[in-house]
Amino acid sequence: MAAAARRRRAPADENGELLPFAPFAFYSGHANVDKERVRAICRSNKFTPGEKFMVLWWIGTSPEGMEPVVMTGADIGKEVGMTADAIGRISRKLLKHRILVAVGTFGNSKLYRITPYIAFHGPGYDQREAVKRFNPPDIPGLAPRVREWWEDR
């Protein structure tokens with residue numbers, strides 16, 4: 001019965017035939033990720049294992065759209081098992097490479113999120129609008145492109 005109910009909500013093609021439908025098999029929200037950039041970060045010897053880990057943490061934690069992660073360095077450190085000083089050092093380096101972007105403040109603390117060039121949760125149009133506000137990340141070892149491939153589309 002549940003499968004039949006899902007089929008009734010499924011979209012139809014031009015002939016009225018129901019198209020296959022299934023929700024994503026994710027436990028919670030998901031993001032579109034630029035796999036080439038993430039692999040370049042992971043391959044690079046310019047980033048420590050802790051910095052690479054934090055890139056993945058930021059991808060998994062950054063909310064929908066361009067909202068920031070509203071957590072202090074101390075809170076992040078408790079969550080991932082690092083000191084607030086280590087989180088601050090890593091965040092500054094990722095910000096310098098434009099892997100993180102500052103998108104707000106909380107008291108005296110800057111609020112960050114992963115750059116929309118690396119990961120974005122939301123419609124493609126919103127992601128394209130978001131990248132207009134930032135320069136692409138500087139990832140050592142990733143060959144720079146004069147233009148992003150999607151700019152021609």
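**A lysine and its helix**

Guide: Lys52 counts as buried because its relative accessibility is 19%, where buried means under 20% relative accessible area with a 1.4 Å probe and protein chains only, exposed over 50%, and partly exposed in between. This is a predicted model, in which local features need pLDDT of at least 70, side-chain atom pairs count only at pLDDT 80 or more, and totals for chains, interfaces and linings use all residues. Residues are numbered from 1 along each chain as its sequence is written, and side-chain values use heavy atoms, with hydrogens and water left out.

Visitor: Which residues is Lys52 in contact with, leaving aside its neighbours within four places in sequence?

Guide: They are Ile41, Cys42, Arg43, Ser44 and Phe47, contact meaning heavy atoms within 4.5 Å. The C-alpha atoms of Lys52 and Cys42 are separated by 6.1 Å, although the two are 10 residues apart along the chain.

Visitor: And where is Lys52 found?

Guide: Lys52 is in helix 3; helices are DSSP runs of H or I with at least four residues, numbered from the N terminus. Buried residues of helix 3 include Glu51, Met54 and Trp57.

Visitor: Changing topic, how do the axes of helix 3 and helix 4 cross?

Guide: The axes, lines fitted to C-alpha atoms over the stretch in contact, with angles from 0 to 180 degrees between N-to-C directions, come within 12 Å and cross at roughly 105°. Helix 3 is therefore roughly perpendicular to helix 4, a term for angles of 65 to 115 degrees.

Visitor: Which residues make that contact?

Guide: Helix 3 contributes Phe53, Met54, Trp57 and Trp58, and helix 4 contributes Ile76, Glu79 and Val80.

Conventions:
Helix = DSSP H or I, 4+ residues; strand = E, 2+ residues; numbered from the N terminus. Parallel < 35°, antiparallel > 145°, perpendicular 65-115°, else oblique.
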